[in-house]
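Trainee: Could you take me through one part of this structure slowly, with the terms spelled out? I would like to look at how charged side chains pair up.

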Amino acid sequence: MNASAPTSAETLRRTLGGLLDGLPPKQATAAVERLIASYRGQTPTDAPVLRDRSDVAAYAAYRMPATFEAVRGALDGLAEAAPDWAPGSHVDVGGGTGAATWAVDATWDGPRETTVLDWAEPALALGRELAAASSSEVLRAAAWRRAVIGSGLTLPEVDLVTVSYVLGELTAPARTAVVAEAARAGQAVVLIEPGTPEGYLRIREARDQLIEAGLRIAAPCPHDGTCPIEVGQDWCHFSARVSRSSLHRQVKGGSLPYEDEKFSYVAATRFPTEPAASRITRRPQIRKGLVLLELCGPEGDGLTRVNVTKRQGDLYKAARDADWGQAWPPAP
Ligand SMILES: C[S@@+](CC[C@H](N)C(=O)[O-])C[C@H]1O[C@@H](n2cnc3c(N)ncnc32)[C@H](O)[C@@H]1O
């Protein structure tokens, strides 16, 4: 892990905190509400949703802290399965204001060549500005380029391709094209979507496509076989805690200092990794002398429920500390 990770995350939070400064609270709230309405509208779109500076400032201030934490969660899954690996080059497709590049920077030390591709110029411009404020050389040197995702997209061959919160904005053919191109160009591919039933289905479909293209799953799945979840009954997703800014409190009300961003993801590689033996698929439930874990296990075992009792000593202690999304059993 990058020793400067908290600094990087902290810098991002501070920089984003200042983004809507100077805008009266009502205008800032209105910008975010406009953005939420555009996202509720018809997707996929045939023109960028992020059209101007106020759209992208609202996106960055309101959504980027959450997408940053979700991508970090997904990258942690990959980093745990490949502890000796670090990407020396990275392309972030549909990278917008750069949340995934910040998350990669918080996960692995450089040096690294980073390219962010998006069709929305204002998003790239703001992403470049935010990165310029970072203490990370990797982020400051990143290239920000306009590119449209579709059958014409060609990516450079790189160690890592990320596609974060983008698949849901694409037509089915564009989605297939970007996953195919990521699988061709990347040694590792990480795809992240909102943790909704629809987001999970897009990840599930992309997972099959990555396996078909010859990649192996590193996380979150313990195997490359068919996902044991029955579609329509449940969906695989995880949760990342995000500090709420005053802007969030203005828009959404409530007083909690945080909210939980739900996300679905898949990380696949062309190189061998050590996927988790099992993964915790729900928040563990702690009872007196007992922890209930819901697990996705080895191929054939499917989804299981395990009771870890006080009598199991160290394993019980580990279960009490265990978190949703973590590998199980924990590494010694
Ligand atoms: C919800 S934002 C996610 C941004 C960023 N990846 C993140 O995680 O915060 C979706 C991004 O995908 C970009 N996008 C959507 N459709 C695209 C397309 N056809 N070609 C290129 N970029 C596209 C949008 O401009 C936007 O920046």
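Mentor: Let's begin with Arg244 and Glu259, which form a salt bridge whose closest N and O atoms are 3.4 Å apart. The term salt bridge is used here for a side-chain nitrogen of Lys or Arg within 4 Å of a carboxyl oxygen of Asp or Glu. This pair links distant parts of the chain: Arg244 sits in the loop between β7 and α10 (246-252), while Glu259 belongs to strand β8, 15 residues apart. Those element names come from DSSP runs, numbered from the N terminus: helices are H or I with at least four residues, strands are E with at least two. Arg244 and Glu259 are both buried. Buried means under 20% relative accessible area, exposed means over 50%, and partly exposed is in between, using a 1.4 Å probe and protein chains only.

Keep in mind that this is a predicted model, where local features need pLDDT of at least 70 and side-chain atom pairs count only at pLDDT 80 or more, while totals for chains, interfaces and linings use all residues. Residues are numbered from 1 along each chain as its sequence is written, and side-chain values use heavy atoms, leaving out hydrogens and water.

Now look at another residue of strand β8, Asp260. Arg241 forms a salt bridge with Asp260, and their closest N and O atoms are 2.8 Å apart. Arg241 lies in strand β7 (residues 238-243) and Asp260 in strand β8, so this pair ties together parts that are 19 residues apart in sequence. Arg241 counts as partly exposed because its relative accessibility is 47%, and Asp260 is also partly exposed, at 25%.

Next comes Glu261, which forms a salt bridge with Arg63; here the closest N and O atoms are 2.9 Å apart. This pair, too, links distant parts of the chain: Arg63 is in the loop between α3 (53-62) and α4 (64-81), Glu261 is in strand β8 (residues 258-269), and 198 residues separate them. Glu261 is buried, because its relative accessible area is 9%, whereas Arg63 is partly exposed, with 21%.

Why can such pairs form? Side chains of opposite charge can pair when their charged atoms come close.

To widen the view, a search of the whole structure finds 14 salt bridges. Elsewhere, Arg13, Glu69 and Arg72 are linked in a network of salt bridges.
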